[in-house]
Amino acid sequence: MRSAVALPLAILSILFAPPASAAETKTILILGDSLSQGFGLAPNEAYPMLLPKKLRGAGLNFRIINASAAGGTTEGGLERLPAHLKRKVDIFILELGINDAFRGVPVDQIQNNLQQIIDKVKTRNPRVRVVIAGMQLPDYTTDDYVSAFGKMFADLAAKNDAALIPYLLRSVAGDPSLNLADGIHPNTAGQKILAETVWQVLEPLAREVDTLSSRAEQGTSQSKPGSH
């Protein structure tokens with residue numbers, strides 16, 4: 001009788017148990033401004049919310065935390081960051097700086113703030129992989145400030161061994177059909193292109209993180225007492 005009851009219970013436990021991968025879900029944190037927040041659009045139309053479908057399609061088990069805010073600056077990002085570091089972060093996408101530039105904040109100060117953000121994330125998550133979303137100002141090569149601002153993102157990526165999106169708004173900036181009436185913020189179609197631009201850099205990184213995580217989990221299970 002016990003065996004007759006035990007078998008159905010065992011089957012039920014398999015059917016209703018959470019998937020083995022549920023405990024292995026990794027986190028991508030995006031800290032940005034209105035470009036990542038999806039200004040003027042529904043939240044699910046912003047590129048960060050288009051990435052989960054791509055991740056699932058690639059068989060990668062990640063959740064997206066979009067900590068972006070319209071009008072966000074590097075100083076504001078520093079203030080908002082601690083609340084989002086209470087959970088483990090596996091990949092960190094940093095998209096800030098353009099609003100500072102619009103306000104004329106010195107490039108050295110912008111870079112210092114961004115470096116502090118990266119340092120804080122790495123302190124809490126030593127194995128985190130960082131992605132820096134680069135931005136450009138108009139007339140990229142004609143002004144010292146504009147040139148220094150554009151170069152800053154590549155410098156940060158090199159210093160922090162981070163992946164670089166050279167220009168987040170590539171193929172979108174300046175195209176009226178891909179932006180809202182303000183000519184600054186991507187519309188739904190523009191956000192889809194941003195998602196593709198980010199995905200080109202994110203996919204290989206996510207696959208690398210996923211592979212390393214799987215190896216670490218396998219190593220842990222094999223090292224448990226009684227394992228062979």
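**Exercise 1.** Is Lys54 buried, partly exposed or exposed, at 21% relative accessibility?

Solution. The model is a predicted one. Buried means under 20% relative accessible area, and exposed means over 50%. Lys54 has 21% relative accessibility, so Lys54 counts as partly exposed.

**Exercise 2.** Find the salt-bridge partner of Lys54 and say which parts of the chain the pair links.

Solution. The side chain of Lys54 meets that of Glu196 in a salt bridge, at 2.4 Å from N to O. Glu196 lies in helix α8 and Lys54 in helix α3, 142 residues apart, and the pair thus links distant parts of the chain. Glu196 is partly exposed because its relative accessibility is 37%.

**Exercise 3.** Work out which residues of helix α3 are buried and why they lie on the same side.

Solution. Helix α3 covers residues 47–57, and its buried residues are Tyr47, Pro48, Leu51, Pro52 and Leu55. Around the axis these residues cover an arc of only 160°, so they are on the same side of α3. Lys53, Arg56 and Gly57, on the other side of α3, are exposed. After α3 comes Gly59, with a positive phi near 75°.

**Exercise 4.** Describe the salt bridge between Lys26 and Asp210.

Solution. The structure holds six salt bridges. In one of them, the side chains of Lys26 and Asp210 meet at 3.4 Å, N to O. Lys26 belongs to strand β1 (residues 26–32) and Asp210 to helix α8 (residues 188–223), so the pair ties together parts 184 residues apart in sequence. Lys26 and Asp210 are both buried.

Terms used:
Residues are numbered from 1 along each chain as its sequence is written. This is a predicted model: local features need pLDDT of at least 70, side-chain atom pairs count only at pLDDT 80 or more; totals for chains, interfaces and linings use all residues. Side-chain values use heavy atoms; hydrogens and water are left out. Buried means under 20% relative accessible area, exposed over 50%, partly exposed in between (1.4 Å probe, protein chains only). Helices (H or I, at least four residues) and strands (E, at least two) are DSSP runs, numbered from the N terminus. The arc is that of the directions from the helix axis to the C-beta atoms. A salt bridge is a side-chain nitrogen of Lys or Arg within 4 Å of a carboxyl oxygen of Asp or Glu.
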